Amino acid sequence: MAEIRKRYDALVIGGGIAGMQAALDLGEQGYEVLLVEKDPSIGGIMVGLNKVFPTLDCSSCICTPRMAEAAHHPKIQLQTYTEVKRVERRGAGFEIRLLKKPRYINEDGCVGCGDCERACPVDVPHEFDFGLGARRAIYIPHANAIPQKAVLDLDNCIFCGKCDAECPPKCLNFLQEPEEVTTEVGAVIVATGLRLVPMGTKSEYGGGRFPNVMSPLAMERVQSGNGPFGRVLRPSDGKIPRDVAYVQCAGSRDRSIGIPYCSRVCCMYALKQALLLRHYIHGISVTLYYMDIRAFGKGYEQFYRRAVGEGVRVVKGKVAKITQVENQDLLLRVEPLDGEGRVEERRHDLVVLSQGLLPAWHPKGILDAEEAEDGFFLTPEATIRPSVTTSRGVFVAGVAAGPKDIPDAIVEAGDAAMAAAAYLEWTRRRAGSATTAWEGVESEVVT
Amino acid sequence: MTATERPEARPKEKRPWLILRDRHGGMSAQLKEYFKEQQRIRKLMKEALKGEPRTIPQLATACKLDSSVVVWHVMAMRRYGLISEGAEQNGYLLYALKEAPKEPS
């Protein structure tokens with residue numbers, strides 16, 4: 001892997017779809033970009049999804065070429081398994097402090113053969129599969145990971161040395177240490193993505209307590225061909241589910257848990273998963289309990305009608321409580337909003353909570369851009385300049401700015417790249433003969 | 001040096017993963033317990049699967065383990081080629097031990 005240089009035009013924080021797109025859009029304009037990702041692979045959430053709505057195209061088939069393009073672009077330097085510790089203003093640019101975490105392998109030598117992983121005797125829950133599947137203490141992050149390099153999880157290593165014995169190019173390096181690196185950039189794009197509202201937030205739904213109450217991202221992995229089970233099964237006992245429920249707004253539009261906003265994607269991902277379950281398991285019953293169906297994007301209303309047409313049941317009603325009954329089935333207490341005012345109990349063998357979205361990263365103490373009340377980045381001119389933050393030269397893309405779907409995240413990444421390019425050109429003009437975009441420009445001249 | 005003189009025995013070089021272990025403060029007690037339990041469960045499951053393929057509830061009963069624990073171990077063993085998936089039986093899949101691959105001659 002190339003050494004981190006002293007200067008880049010731009011830093012992109014986050015190697016998900018929005019970060020990759022922003023980096024590519026800057027790179028294509030000739031700017032030197034440092035793309036930093038905290039995980040061992042780029043790809044973010046999207047590379048773990050099964051299909052995308054409303055087209056039902058394979059998600060990784062769309063994401064993986066983007067990953068390869070970003071990784072091999074001559075103007076983009078990819079730095080995985082690295083955290084941004086501090087972004088400090090220096091004139092019109094920034095000084096960046098990074099922490100490179102050790103993989104305990106020589107990346108130039110590792111060919112991603114996986115022999116070390118097969119030799120390792122310790123199985124641990126795999127984060128990529130939301131704990132439903134296993135990985136080893138040394139592992140290749142996933143089948144589509146870029147870079148395809150092993151990483152040793154020190155906290156689960158029993159120090160047996162079997163990985164070293166089996167590694168054909170002998171590239172294990174147990175003596176690596178975390179390394180702090182400093183660089184300078186002219187502009188910053190934050191594309192740090194999302195996390196889901198924690199499973200136990202709505203405790204009345206039993207998330208985190210009942211094994212058959214699942215998160216939607218775990219269901220994405222279960223539905224994926226390279227998922228933890230290889231097919232759709234219940235996590236509690238491996239049963240092929242026959243009757244699945246989706247509970248909408250399970251962590252969004254709910255002031256009682258401090259998340260009043262709509263997460264914008266839950267209706268569509270639930271409909272997509274529900275329809276795919278109908279395709280994957282013959283005769284399965286899938287019911288979606290909802291407050292409103294928000295199918296606002298291009299082709300989304302048609303997709304909703306298709307899902308209903310293909311047998312997904314939609315029930316307008318609020319789920320009050322979920323209890324676990326015999327055989328680890330689940331009993332839902334539902335009030336259908338059909339004007340009759342009755343409460344029903346309906347039994348299902350698997351429930352997916354359509355959890356809302358939260359920002360995955362907070363800038364406090366690292367970066368001087370402000371957060372809005374909801375915890376996402378504050379974009380004061382969201383209507384006309386959606387990627388501009390409260391910090392000059394810092395731009396935001398994707399879900400870091402607020403919940404959105406993949407097409408919107410990609411569009412916003414393009415906007416962030418253009419705004420960053422405009423900022424770099426503006427500083428270059430001000431700097432006159434300076435050799436880099438921001439060199440020689442003091443922050444006070446930037447208005 | 002004459003033929004009868006022997007060079008001083010070189011101190012044995014410490015294996016690099018053991019240097020890392022020392023730097024890391026050794027293996028945690030929690031990990032030791034976790035690994036021991038993993039080995040115990042795998043042994044039970046392999047024994048239970050020796051005779052015939054079983055579903056996860058059947059394996060859970062045979063091994064006296066919670067079925068969700070068995071699911072996780074079956075899927076881990078499946079991923080690393082120790083178990084294969086078979087036909088469906090009453091809404092569950094059958095799992096069988098794979099034969100150990102023969103060494104190439």
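This is a predicted model: local features need pLDDT of at least 70, side-chain atom pairs count only at pLDDT 80 or more; totals for chains, interfaces and linings use all residues.
In which hand does α1(A) pass α2(A) at their crossing?

Let's start with chain A as a whole. Chain A contains eight helices and 22 strands. How does its radius of gyration fit with a compact globule? For 447 residues, such a globule would have a value near 22 Å, and chain A has 23 Å, so the two agree.

Now for the domains. Chain A is divided in two: domain 1 takes in 7-101 + 178-193 + 360-445, and domain 2 covers 198-356. Their C-alpha centres sit 33 Å apart. Where the domains meet, 11 residues of domain 1 of chain A are in contact with 17 residues of domain 2 of chain A. On the domain 1 side of that contact, you would find five nonpolar, two polar and four charged residues.

Back to our opening question. Helix α1 of chain A spans residues 17-28, and helix α2 of chain A spans residues 59-72. Their axes come within 10 Å and cross at roughly 45°, and α1(A) and α2(A) are therefore oblique to each other. And the hand? α1(A) passes α2(A) in a left-handed crossing. If you want to find the spot on screen, look for A:Ile17, A:Met20, A:Ala23 and A:Leu24 in α1(A), which meet A:Cys63, A:Arg66, A:Met67, A:Glu69 and A:Ala70 in α2(A). That contact has seven nonpolar residues, two charged ones and no polar ones.

Helix α5 (residues 216-223) and helix α6 (residues 266-280) of chain A have axes that come within 11 Å and cross at roughly 30°. That angle makes α5(A) roughly parallel to α6(A). Their crossing is left-handed. Here A:Pro216, A:Met219 and A:Gln223 from α5(A) meet a set of α6(A) residues, including A:Tyr269 and A:Leu276.

Finally, let's bring in chain B. The contact between the chains takes 26 residues from chain B and 23 residues from chain A. On the chain B side, α1 (16-24), α2 (29-51), α3 (56-63), α4 (67-79) and β2 (92-97) each supply at least two residues. By class, that side of chain B has 17 nonpolar, five polar and four charged residues.

Conventions
Residues are numbered from 1 along each chain as its sequence is written. Chains are lettered from A and ligands numbered from 1 in the order in which they are written. Axes are lines fitted to C-alpha atoms, for helices over the stretch in contact, and angles run from 0 to 180 degrees between N-to-C directions. Helices (H or I, at least four residues) and strands (E, at least two) are DSSP runs, numbered from the N terminus. Angles under 35 degrees count as roughly parallel, over 145 as roughly antiparallel, 65 to 115 as roughly perpendicular and the rest as oblique. A crossing is left-handed if the near helix is turned anticlockwise from the far one by less than a right angle, and right-handed if clockwise. Two residues are in contact if their C-beta atoms, placed from the backbone, lie within 7 Å. Ala, Val, Leu, Ile, Met, Phe, Trp, Tyr, Cys and Pro count as nonpolar, Asp, Glu, Lys and Arg as charged, and the others, Gly among them, as polar. Domain bounds come from an automatic or database domain assignment. The radius of gyration is taken over C-alpha atoms; the globule rule is 2.2 Å times the number of residues to the power 0.38.
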